[in-house]
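Here is a colleague's note to read beside the sequence and the structure. Please take the points in order and look up each residue as you go.

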Amino acid sequence: MIYNALGNSGLIVSKFSLGTWLNFDSMNSSGSESTLFKNAFNEGINFFDTADSYGDAEIVLGKALKKFPRKDVVVSTKVFFGSDFPNRSGLGKKHLIHSVEESLKRLNMEMLDLLYLHRFDNNTPLEETLLTINQLISQGKILYWGVSRWSKIQLEQAIEICDRFQYPKPIAYQDVYNLFNYTSGGEEFVGYLKKNGIGLVGYSPLARGVLTNKYKNTIPINSRAANDDYAKFMYDLTEEKIKSVQLLEPLSKKYKCTVAQLVTSYLYSKNIESLVFGFSYVSQFQEIIKSKDITLESESINEIKNIFKNYNYDKSL
Ligand SMILES: NC(=O)c1ccc[n+]([C@@H]2O[C@H](COP(=O)([O-])OP(=O)(O)OC[C@H]3O[C@@H](n4cnc5c(N)ncnc54)[C@H](OP(=O)(O)O)[C@@H]3O)[C@@H](O)[C@H]2O)c1
């Protein structure tokens, strides 16, 4: 497993990480999470992602991680989304403080390694948000902070405020990162992140399952797309995209691997700090983890790039 320092920090994270959205959002999940997290930890994965808005995921994750030394796991959660009640969403001081307290309780932990500001809040002065983050860090409730899906301008404003008040700066940027949706602003934006000591953490590397090629003939039962509550998030599940994924079959045969492994090995070779996967079954994890041992020739990399060259990042996602 490759490990990277997350941005300009001393926090070391595995290049593969595990997310808990939709797969572990219910306390009634199959219980497979315990085996899955054990497998992942044994494979060297130390980075686990959740959010205050992922149903019961923080509770499920906290329980599963109790089996490992706290010092050996890196836990990120997020704050922003909530309900319509006043002070129950956004990045105002009151919501931030309550959200972090509640996340810590659900995770059954003393502190968070990384807190993402899940989206930008147009209704709260950024100074107030960053003052609160600085206080949470001073109190030892969070070690580091990052953002998810902010624009470059919003990030620049945050960095300027941190410079002005000498607050700790963000160390991580979380965004969608797969063959259909490459981070907003492309290579130039990634360069900007690097220059400012911000690590890139890419989520949905398999486009929520579409890039595994499993939707080529039908929608399998027990798949995410077969569940109405989850299917609404499957914006990449289009006929055109399913056909593009099928074009990877000859290459996967060449490397004697599955399409899911091919796609993952492509992303694994990219200059990114960590890729956050979701797994509904242990077998899916076992398939994907083998991808780190596949090395693609540059000709194959170009072939993959070519198949997906017309897809662009969708800012509205
Ligand atoms: N910051 C944000 O706004 C944001 C947004 C989205 C996600 N995230 C984070 O990123 C994490 C991962 O996102 P994601 O779940 O969309 O990632 P993903 O890895 O692209 O998709 C995960 C889904 O793909 C299917 N899958 C995985 N491996 C497979 C395999 N080997 N064969 C067949 N199907 C396979 C499974 O769905 P089935 O149920 O169909 O089996 C699995 O639940 C989330 O848990 C969350 O922590 C963050």
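1. Does Glu273 count as buried or exposed? The model is a predicted one, and in it Glu273 has a relative accessibility of 11%, so this residue counts as buried, given that buried means under 20% relative accessible area. Glu273 lies in the loop between α10 and β10, the latter being residues 274–277.

2. The surroundings of Glu273 come from several parts of the sequence. When neighbours within four places in sequence are left aside, the residues in contact with Glu273 include Asn4, Ala5, Leu6 and Gly7, and also Val13, Ser14 and Lys15. Lys194, Gly199 and Leu200 are in contact with Glu273 as well.

3. Two polar contacts involve the side chain of Glu273. One is made with the side chain of Lys194, at 3.0 Å, while in the other the Glu273 side chain reaches the backbone nitrogen of Leu200, at 2.8 Å.

4. The chain as a whole can be described next. The protein chain has 12 helices and 10 strands. Its radius of gyration is 19 Å, close to the 20 Å that the globule rule gives for 317 residues, and therefore the chain is as compact as a globular protein of that length. Along the principal axes, the C-alpha trace spans about 55 × 40 × 35 Å.

5. Among the contacts with a separation of 6 or more, 77% are between residues 24 or more positions apart.

6. Which residues of helix α8 are buried? In this helix, which runs over residues 239–246, they are Lys241, Ile242, Ser244 and Val245. These residues lie on the same side of α8, because they cover an arc of only 155 degrees around the axis. On the other side of α8, Glu239, Glu240 and Lys243 are exposed. The buried residues of α8 pack against three helices, namely α9 (249–254), α10 (259–268) and α12 (298–307).

7. Helix α12 also holds Ser300. With a relative accessible area of 1%, Ser300 is buried, and once its neighbours within four places in sequence are left aside, the residues in contact with Ser300 are Leu251, Lys254 and Tyr255.

8. The ligand deserves a careful look. It is surrounded by 31 residues, and the closest of these are Asp49, Ser204, Lys214, Arg224 and Ser280. Backbone atoms also take part: a polar backbone atom of Thr20 is 3.0 Å from an oxygen atom of the ligand, and a polar backbone atom of Gly278 is likewise 3.0 Å from a ligand oxygen. For Gly209, a backbone N or O atom lies 3.4 Å from an oxygen atom of the ligand. On its own the ligand has 920 Å² of accessible area, and the protein covers 95% of this.

9. Two residues have a backbone angle that a student may wish to check. Most residues other than glycine have a negative phi. Arg149, however, has a phi near 60 degrees, which is a positive value in a residue other than glycine, and Arg208, which is not a glycine either, has a positive phi of about 60 degrees. Arg149 is placed in the loop between β7 (142–148) and α5 (152–165), and with a relative accessible area of 12% it is buried. Arg208 is in the loop between β9 (199–203) and α7 (228–231), and at 15% relative accessibility Arg208 counts as buried.

10. Where is Ser9 found? Its place is in the loop between β1 (3–5) and β2 (12–14), and Ser9 is buried, with a relative accessible area of 16%. A polar atom of the Ser9 side chain lies 3.0 Å from the backbone nitrogen of Leu11. Apart from neighbours within four places in sequence, Ser9 is in contact with Tyr144 and Ile171.

Definitions and conventions
Residues are numbered from 1 along each chain as its sequence is written. This is a predicted model: local features need pLDDT of at least 70, side-chain atom pairs count only at pLDDT 80 or more; totals for chains, interfaces and linings use all residues. Side-chain values use heavy atoms; hydrogens and water are left out. Buried means under 20% relative accessible area, exposed over 50%, partly exposed in between (1.4 Å probe, protein chains only). Helices (H or I, at least four residues) and strands (E, at least two) are DSSP runs, numbered from the N terminus. The arc is that of the directions from the helix axis to the C-beta atoms. Contact means heavy atoms within 4.5 Å. A polar contact is a pair of N or O atoms within 3.5 Å; within protein, one must be able to donate a hydrogen and the other to accept it, and residues adjacent in sequence count only if both atoms are side-chain atoms. The radius of gyration is taken over C-alpha atoms; the globule rule is 2.2 Å times the number of residues to the power 0.38. A residue is near a molecule or strand if one of its heavy atoms lies within 4 Å of it. Accessible areas come from the Shrake-Rupley method with a 1.4 Å probe; for residues, only the protein chains shown count as cover.
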